Amino acid sequence: MEGTTGTHLTAVTDATFGQEVEKHKGLVLVDFWATWCGPCHMVAPIMEQLAGEYNGKLKVTKMDVDANQRTAMRFNVRSIPSILFFKDGRHVDTVVGAYPKAAFDDKIKQHLT
């Protein structure tokens with residue numbers, strides 16, 4: 001699943017969300033972001049790190065809310081960055097805002113058990 005950029009992140013859209021997130025077995029993080037969002041750019045490198053560290057245990061995806069408003073509205077994403085956690089296709093948790101990596105590590109470990 002490594003792209004040509006060497007990243008473990010998968011960009012998802014309204015069209016691919018069902019296949020990439022809701023049909024995925026296991027834990028998926030969806031980072032709802034936008035290019036104009038400052039805090040989103042602070043969270044981006046953390047998402048990259050998590051994708052690498054948890055490769056094989058966790059799928060990390062990104063969704064641009066400007067280009068994919070239908071999915072953002074469906075999950076009531078009102079503030080970004082919003083990181084939604086899905087386990088076996090079910091929305092199980094949400095973290096809103098820019099947090100240090102440790103906060104995401106704790107949430108991931110909680111949902112991987």
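What follows walks through the fold and then the salt bridges of this protein.

This is a predicted model, in which local features need pLDDT of at least 70 and side-chain atom pairs count only at pLDDT 80 or more, while totals for chains, interfaces and linings use all residues. Residues are numbered from 1 along each chain as its sequence is written, and side-chain values use heavy atoms, with hydrogens and water left out.

Start with the fold. The protein has four helices and five strands. These are DSSP runs, numbered from the N terminus: helices are H or I with at least four residues, strands are E with at least two. Along the sequence the pattern reads β-α-β-α-β-α-β-β-α.

Next, the overall build. The radius of gyration is 13 Å, which agrees with the value near 13 Å for a compact globule of 113 residues. That radius is taken over C-alpha atoms, and the globule rule is 2.2 Å times the number of residues to the power 0.38. Buried residues account for 46% of the 113. Buried means under 20% relative accessible area, exposed over 50%, and partly exposed in between (1.4 Å probe, protein chains only). Of the contacts (heavy atoms within 4.5 Å) between residues at least 6 apart in sequence, 69% join residues at least 24 apart.

Now the charges. Side chains of opposite charge can pair when their charged atoms come close. A search of the whole structure finds six salt bridges. Each is a side-chain nitrogen of Lys or Arg within 4 Å of a carboxyl oxygen of Asp or Glu.

Take helix H1. Lysine 59 pairs with glutamate 20, with the closest N and O atoms 2.6 Å apart. Lysine 59 sits in strand S3 (residues 58-64) and glutamate 20 in helix H1 (residues 17-22), so this bridge links distant parts of the chain, 39 residues apart. Lysine 59 is buried at 16% relative accessibility. Glutamate 20 is partly exposed at 25%.

Arginine 74 pairs with glutamate 22 at 2.4 Å between the closest N and O atoms. Arginine 74 lies in helix H3 (residues 69-74) and glutamate 22 in H1, so the pair ties together parts 52 residues apart in sequence. Arginine 74 is exposed at 51%, and glutamate 22 is partly exposed at 26%.

Strand S3 also takes part through lysine 62. Its partner is aspartate 31, with the closest N and O atoms 3.1 Å apart. Aspartate 31 lies in strand S2 (residues 27-33) and lysine 62 in S3, so parts 31 residues apart are tied together. Aspartate 31 is buried at 0%; lysine 62 is buried at 17%.

Finally, Glu53, Lys101 and Asp105 are linked in a network of salt bridges.
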